[in-house]
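Me: I have a protein model open on my screen and would like to talk it through with you. Could you take my questions one at a time?

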Amino acid sequence: KLLLKEFYKLYSQAFPDDNERESLANLTYYLSKKDDKNKYHILVLKRDNVIVGGAIFDYLSKISSGIIEYIFVDKTIQQRGMGKLILSEVLKILKQDAEKDGKTFKYLFCEIDDPKYRRLDDRYYFSFWKKNGLKKLDFNYFQPPLEEGKDIVDKLFIVVKPQDNSKQSIDREELKTFLESFFEFCFEIDHARESEIFKKNTDYLPQNIKLLPLEMYDTKQLDK
């Protein structure tokens, strides 16, 4: 519990928007949640016995893929390879989850801020995802409220890295399966496909959702 509280302090600094940040009670609850197929993980990175980063991520059995909900490194030591170290460990754990599930790992998804809502001096995260080969899914994403009293968040991207590097798009049904699994496991929305938030995300999807390079959204260039 003390480790989780220490983790939560740094996590809260990294994600100051209350609508985008889980409560400590929620993190504690999800860690105790039992599921035979889907897996919830909190990864902690320590340096000299002090927490300097971490990640919250999930394995979703139905699509044999992972979603990173949060990943962060203390601002005082960013751009020193710590993020890459965390990401590498996250992928290792997710692939182990898939192997235990008897499946081949397919996609790494991640929720990230739309950079136009971040200050110019606070966009290192965007370069990080570009360098690691993730691409934006070409649809408007609406994150369900994290808990009662919080709002829908409409300023996030879903970015993805297929394990098949040749893929240029994701089939509509695959994306729906991902959102269904994500909403049911991580937001506890029963029968997610029948929910209004699911329909808000999927009603106007094309047959194939393109994977767009993040350079298209590099607002450091667009702001010039």
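Me: How do the residues lining the second largest pocket divide into nonpolar, polar and charged?
Reply: A pocket here, on a 1 Å grid over the protein atoms alone, is an open set of points where a 1.4 Å probe fits, with protein on both sides within 12 Å along at least five of seven lines; lining residues have an atom within 4 Å of a point. Ala, Val, Leu, Ile, Met, Phe, Trp, Tyr, Cys and Pro count as nonpolar, Asp, Glu, Lys and Arg as charged, and the others, Gly among them, as polar. The lining includes Phe 139, Asn 140, Asp 154 and Lys 155. Its residues divide into 6 nonpolar, 1 polar and 4 charged.

Me: How much space lies in that second largest pocket?
Reply: Grid points are joined across faces, edges and corners, and the volume is the space filled by probe spheres set on them. For the second largest pocket this comes to about 150 Å³.

Me: Before we go on, what kind of model is this, and how are residues numbered?
Reply: This is a predicted model, where local features need pLDDT of at least 70 and side-chain atom pairs count only at pLDDT 80 or more, while totals for chains, interfaces and linings use all residues. Side-chain values use heavy atoms, with hydrogens and water left out, and residues are numbered from 1 along each chain as its sequence is written.

Me: Is Phe 187 buried or exposed?
Reply: Phe 187 lies in the loop between H5 and helix H6 (196–202). Leaving aside neighbours within four places in sequence, Phe 187 is in contact (heavy atoms within 4.5 Å) with residues including Tyr 30, Pro 144, Pro 145 and Phe 182. Because its relative accessible area is 10%, Phe 187 counts as buried.

Me: How far apart in space are Phe 187 and Glu 147, C-alpha to C-alpha?
Reply: In sequence, 40 residues separate the two. In space, their C-alpha atoms are apart by 7.9 Å.

Me: Why does the span of helix H1 agree with its length?
Reply: The expected span of a helix is 1.5 Å times one less than its number of residues. Helix H1 (residues 2–14) has 13 residues, so it should span 18 Å. That agrees with its end C-alpha atoms, which are apart by 19 Å.

Me: Which strands are included in what covers the buried residues of H1?
Reply: The buried residues of H1 are Leu 4, Phe 7, Tyr 8, Leu 10, Tyr 11 and Ser 12. Their cover includes helix H2 (24–32), along with strands E1 (39–47), E2 (50–60) and E3 (65–73).

Me: Is Glu 20 buried or exposed?
Reply: Glu 20 is found in the loop between H1 and H2. Not counting residues up to four places away in sequence, Glu 20 touches Tyr 70, Asp 113, Leu 146, Val 153, Lys 155 and Leu 156. With a relative accessible area of 8%, Glu 20 is buried.

Me: Is Asp 48 buried or exposed?
Reply: Asp 48 is found in the loop between E1 and E2. Its phi is near 55°, a positive value in a residue other than glycine. At 72% relative accessibility, Asp 48 counts as exposed.

Me: What about Ser 64, buried or exposed?
Reply: Ser 64 sits in the loop between E2 and E3, and its phi is near 45°, also positive in a residue other than glycine. Since its relative accessible area is 6%, Ser 64 is buried.

Methods. Helices (H or I, at least four residues) and strands (E, at least two) are DSSP runs, numbered from the N terminus. Buried means under 20% relative accessible area, exposed over 50%, partly exposed in between (1.4 Å probe, protein chains only).
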